[in-house]
Amino acid sequence: MLMMFLEDRMPKVSVIIPVYNTEKYLRKCLDSVCAQTLEDIEIICVNDCSPDASLEILKEYASKDNRIRIIDFKENKGVSVARNIGIDNATGEYIAFMDSDDWIELDFYEKLYGKSVHSTLDIVKGQLDEFIIETSKFHHDVLNINENIQKTNNKLYFCTHFTSAIYKSSIIKLNNLKFCQKLKNGEDGIFLLDTILCANKICIENDVTYYYCRHDDSANAQILNDTRFKDLLSSYEIIFNKLNNIEEYSTGLDFIYNFYLSNCIKLVFRNNNKDHKENALCVALQCFKNFKYKKGIINYLCNNYPILVNGFINDNIEELCINIFGKSYNKFISDNFRYKLKQKRIGIDK
């Protein structure tokens, strides 16, 4: 009877791992999950029609560990669909997300779940470190996200690193929170913002780490192809619109807006297509003009992007374009840029 009860009861954590073409990293990922000191977990691996040996690796691990469930797509559907299918199939008390090229410390879920035992928590967040494959070096988190959450008790500081946390399953399912299936990149920021806005209690566990593996094929590569660029730009527009609908101002709102405004500006330098660069500037300018909480934005621009400040604050489009594209930026292209701004209805007409 005891064994039947243990088999039927809800696992503590459901770990959702979308898998696509990551055979070089997948074993390290699965080893770190299967060896977790918190044994009462389920591991939902969604194979997104991988062209490499990823499915064979998943089957090999599933044959040795009955906690692994494989969902095998017969056509490529994208990471958002894969995670959403994982959510639909998750039965755990908490839900966690991993990328199949990352790994975690062996007591990662035990410490996060253990933190939740003492009080009813919607989200428990650990640390995140980036590991750069090309240099074999770690890039430690410089955003001080955990420190800011603890110092201010403000959940909006949790604006990135969604894989570094576990989420109360009921929060996700009762609010029907899903990843945006129209996007293959940038979908995580939208999901995370929706989730933290629904959450009441967030707690930090600093003594455990998720390792994000950055490489040339990762979604966070330094130079983005056109598809990734467009997806990220679309995700920033969606996020900015959601931020504009937040009714109460807080410094956490400044932090999250500045974070994504910075990312939007940086997109200009992450693609070689001049038309795409202009689109990124249009979105950044549009959101800067329309955002209803500007309290912390001006100082942020002055401190981080002094060369762009006049373009943003004084609508000096020519100066902005010259700073970005150089003095060879000609009037014809500048007129095109101004036309794009008008099309986006941000009221810049000089």
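Student: What makes Cys49 count as partly exposed?

Tutor: This is a predicted model, and in it Cys49 has a relative accessibility of 31%. Buried means under 20% and exposed means over 50%, with partly exposed in between, so Cys49 at 31% counts as partly exposed.

Student: Why is Asn21 called partly exposed?

Tutor: The relative accessible area of Asn21 is 41%. Asn21 sits in the loop between β1 (13–19) and α2 (23–34), and its phi, near 60°, is positive although the residue is not glycine.

Student: How do you know whether Leu121 is buried or exposed?

Tutor: Set its value against the cut-off: Leu121 has 5% relative accessibility, and buried means under 20%. Leu121 therefore counts as buried. Leu121 is found in the loop between α5 (108–117) and β6 (123–132).

Student: What does Leu121 contact beyond its neighbours in sequence?

Tutor: Leaving aside neighbours within four places, Leu121 is in contact with Tyr94, Lys115, Ser116, Lys168, Lys201 and Cys203. Take Cys203 from that list: Leu121 and Cys203 are 82 residues apart along the chain, and their C-alpha atoms are separated by 7.0 Å.

Student: What about Asn146: buried or exposed?

Tutor: Asn146 has a relative accessible area of 3%. The limit for buried is under 20%, so Asn146 is buried. Asn146 belongs to helix α6 (residues 145–152).

Student: What makes the pair of Asn146 and Gly126 a polar contact?

Tutor: The backbone oxygen of Gly126 lies 3.3 Å from a polar atom of the Asn146 side chain. A polar contact needs a pair of N or O atoms within 3.5 Å, one able to donate a hydrogen and the other to accept it. The distance of 3.3 Å is within that limit. Setting aside residues up to four places away in sequence, Asn146 touches Lys125, Gly126, Gln127, Ile204 and Asn206.

Student: Let's turn to the helices. Why are α2 and α3 called roughly parallel?

Tutor: Their axes come within 10 Å and cross at roughly 25°. Angles under 35 degrees count as roughly parallel, so α2 and α3 are roughly parallel to each other. The crossing of α2 and α3 is right-handed.

Student: Which residues make that contact, and how do they divide by class?

Tutor: From α2 come Glu23, Leu26, Arg27, Leu30, Asp31 and Cys34, and from α3 come Ser54, Ile57, Leu58, Glu60 and Tyr61. The contact of α2 with α3 divides into six nonpolar, one polar and four charged residues.

Student: What makes α9 roughly antiparallel to α10?

Tutor: Helix α9 (residues 226–244) and helix α10 (residues 251–267) have axes that come within 10 Å and cross at roughly 155°. Angles over 145 degrees count as roughly antiparallel, which means α9 is roughly antiparallel to α10. The crossing of α9 and α10 is left-handed.

Student: Which residues of α9 and α10 meet?

Tutor: On the α9 side they are Phe229, Leu232, Leu233, Tyr236, Ile239, Phe240 and Leu243, and on the α10 side Leu253, Ile256, Tyr257, Tyr260, Leu261, Asn263, Cys264 and Leu267. By class, the contact of α9 with α10 has 14 nonpolar residues, one polar and no charged.

Student: How do you know which way α10 runs against helix α11 (residues 274–290)?

Tutor: Again, compare the angle with the limit. α10 and α11 pack at about 155°, with their axes 8 Å apart. Over 145 degrees counts as roughly antiparallel, so α10 is roughly antiparallel to α11. The crossing of α10 and α11 is left-handed.

Student: What residues are in the contact of α10 with α11?

Tutor: Tyr257, Leu261, Cys264, Ile265 and Leu267 in α10 meet Ala280, Val283, Ala284, Cys287 and Phe288 in α11. This contact of α10 with α11 has ten nonpolar, no polar and no charged residues.

How values were computed. Residues are numbered from 1 along each chain as its sequence is written. This is a predicted model: local features need pLDDT of at least 70, side-chain atom pairs count only at pLDDT 80 or more; totals for chains, interfaces and linings use all residues. Side-chain values use heavy atoms; hydrogens and water are left out. Axes are lines fitted to C-alpha atoms, for helices over the stretch in contact, and angles run from 0 to 180 degrees between N-to-C directions. Helices (H or I, at least four residues) and strands (E, at least two) are DSSP runs, numbered from the N terminus. Angles under 35 degrees count as roughly parallel, over 145 as roughly antiparallel, 65 to 115 as roughly perpendicular and the rest as oblique. A crossing is left-handed if the near helix is turned anticlockwise from the far one by less than a right angle, and right-handed if clockwise. Contact means heavy atoms within 4.5 Å. Ala, Val, Leu, Ile, Met, Phe, Trp, Tyr, Cys and Pro count as nonpolar, Asp, Glu, Lys and Arg as charged, and the others, Gly among them, as polar. Buried means under 20% relative accessible area, exposed over 50%, partly exposed in between (1.4 Å probe, protein chains only).
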